[in-house]
Amino acid sequence: MHVERERIDFPPSNEIFKNENSAITKQFSEDGCHEYLKDQLDVQKRKARESHVTDDSNKSSFHSDFPSILVAPDDDGFLSPSGFVQCCIIRDPKLQSARYTMSFQRKGLQDKAAIVAIKQSNTRTSNYHFFDVSRRDEDCNIEFKLNKKAGNYIGKLRRDETKRSAYSLFNSKDSKEQSAAFLYHVPSWISQWREGQPPRRVTAILPTLDPKNYSKSCQITNENKMIDSFENGCGSSEVLVMETREPSYEGGQYRLNFGGRVTTPSVKNMQLVGDDGKLLVQFGRVGENRFHLDYRSPFNGYQAFALAITQFDL
């Protein structure tokens with residue numbers, strides 16, 4: 001069946017076109033008109049991208065059905081009946097550089113991609129860059145480049161060069177201010193040989209929150225000394241400390257109750273609790289390359305996702 005395509009008539013050579021927004025006129029040949037239309041298409045694409053990419057002060061803006069990735073959630077309707085923001089993490093095994101995508105989950109809604117983490121190559125230590133993809137509009141089929149210059153870079157996770165069991169999370173500011181730190185407690189090889197490999201234990205260190213539930217800047221975060229301050233017992237009033245929940249040992253296996261959110265045994269499965277024993281984060285495997293992540297305040301989505309990434313890097 002023949003389908004007549006829309007015909008575009010180009011003006012003859014030397015016809016004068018007037019710009020509607022100015023008094024400037026241009027003279028085009030037929031080839032020049034092609035260039036003009038191409039330029040106008042590029043302008044429209046750029047405006048569409050700019051309408052989705054805002055400045056740093058609004059970087060955490062997101063679809064109204066989902067929480068902001070840089071704000072610790074409160075009881076504002078985003079929490080599941082269990083009291084958590086529920087997420088899914090997909091690991092892409094096909095790419096040369098490790099890539100992970102975190103999506104928000106809400107009952108009755110399609111999963112919404114929020115953050116992508118990409119492991120950087122040719123670095124002295126493990127280094128992951130994080131990108132905000134929550135403002136990508138699937139309906140308009142607009143894709144963002146995942147690099148620091150594209151306006152969607154939100155920070156990086158770096159493994160310490162000297163303390164190999166420590167990770168620091170930074171925001172996207174030029175000063176590279178710390179947003180969190182994670183310290184793993186690794187037993188000696190002799191202990192592992194004698195007693196077997198125990199469950200992973202990690203301490204998460206976060207800045208306190210401001211009245212709007214953003215991470216609060218302080219001297220410790222500005223100087224990137226969250227881990228040193230924790231180990232030296234300094235600055236405890238400026239940070240929040242969470243520890244992994246010890247699993248029970250039953251029938252020759254370590255067990256944790258994830259409320260049905262984690263279905264597959266894995267050394268990566270973990271839960272973090274506060275000083276009062278309240279469960280704040282849980283993460284675990286549900287498929288070969290699929291994992292569930294649940295979190296609540298004082299964690300925001302960026303911090304919780306970074307904690308999960310450290311489990312892949314060990």
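This is a predicted model: local features need pLDDT of at least 70, side-chain atom pairs count only at pLDDT 80 or more; totals for chains, interfaces and linings use all residues.
Me: What kind of sheet do the strands form, and how many strands does the barrel have?
Reply: The sheet is a closed barrel of 12 strands with antiparallel pairing. Its order runs E3-E4-E5-E6-E7-E8-E9-E10-E11-E14-E15-E16. On average, neighbouring strands of this sheet are turned by 20° against each other, direction ignored.

Me: How many bridges join E3 to E16?
Reply: E3 and E16 run antiparallel and are joined by 6 bridges. Within this pair, Ile89 stands opposite Phe291 in E16.

Me: And E3 with E4: over how many bridges do they pair?
Reply: E3 and E4 pair over 7 bridges, in the antiparallel sense. Gln86 stands opposite Gln105 in E4.

Me: What about E7 and E8: in which sense do they pair?
Reply: Strand E7 (residues 153-159) and strand E8 (residues 166-171) pair in the antiparallel sense, over 5 bridges. Arg158 is the residue opposite Ser168 in E8.

Me: Changing topic to the helix. Which strands does H5 lie across?
Reply: H5 lies across a set of strands that includes E3 (85-92), E4 (99-105), E5 (112-119), E6 (127-132), E7, E8 and E9. Strands E10 (202-207), E14 (270-273), E15 (279-285) and E16 (290-295) also belong to that set. The helix runs at about 30° to E9.

Me: Is H5 largely enclosed or exposed?
Reply: Of its 13 residues, 13 are buried, so H5 is largely enclosed by the rest of the structure.

Me: How does the span of H5 agree with what it should be?
Reply: Helix H5 covers residues 301-313, and at 1.5 Å a residue its 13 residues should span 18 Å. Its end C-alpha atoms are 19 Å apart, which agrees.

Me: Which residue caps the N-terminal end of H5?
Reply: Asn300 does, with a side-chain oxygen 3.1 Å from the backbone nitrogen of Tyr302.

Me: Now Ser179. Where is its place?
Reply: Ser179 is in strand E9, which comprises residues 178-184.

Me: Why does Ser179 count as buried?
Reply: Ser179 has 10% relative accessibility, and a residue is buried when that value is under 20%.

Me: Which residues is Ser179 in contact with, leaving aside its neighbours in sequence?
Reply: Leaving aside neighbours within four places in sequence, Ser179 is in contact with Leu169, Phe170, Asn171, Leu206, Pro207, Tyr302 and Gln303. Tyr302, one of these residues, also supplies the backbone nitrogen in the cap formed by Asn300.

Methods: Residues are numbered from 1 along each chain as its sequence is written. Side-chain values use heavy atoms; hydrogens and water are left out. Helices (H or I, at least four residues) and strands (E, at least two) are DSSP runs, numbered from the N terminus. Buried means under 20% relative accessible area, exposed over 50%, partly exposed in between (1.4 Å probe, protein chains only). Contact means heavy atoms within 4.5 Å. The expected span of a helix is 1.5 Å times one less than its number of residues. A polar contact is a pair of N or O atoms within 3.5 Å; within protein, one must be able to donate a hydrogen and the other to accept it, and residues adjacent in sequence count only if both atoms are side-chain atoms. Two strands pair if DSSP finds at least two bridges between them. Axes are lines fitted to C-alpha atoms, for helices over the stretch in contact, and angles run from 0 to 180 degrees between N-to-C directions.
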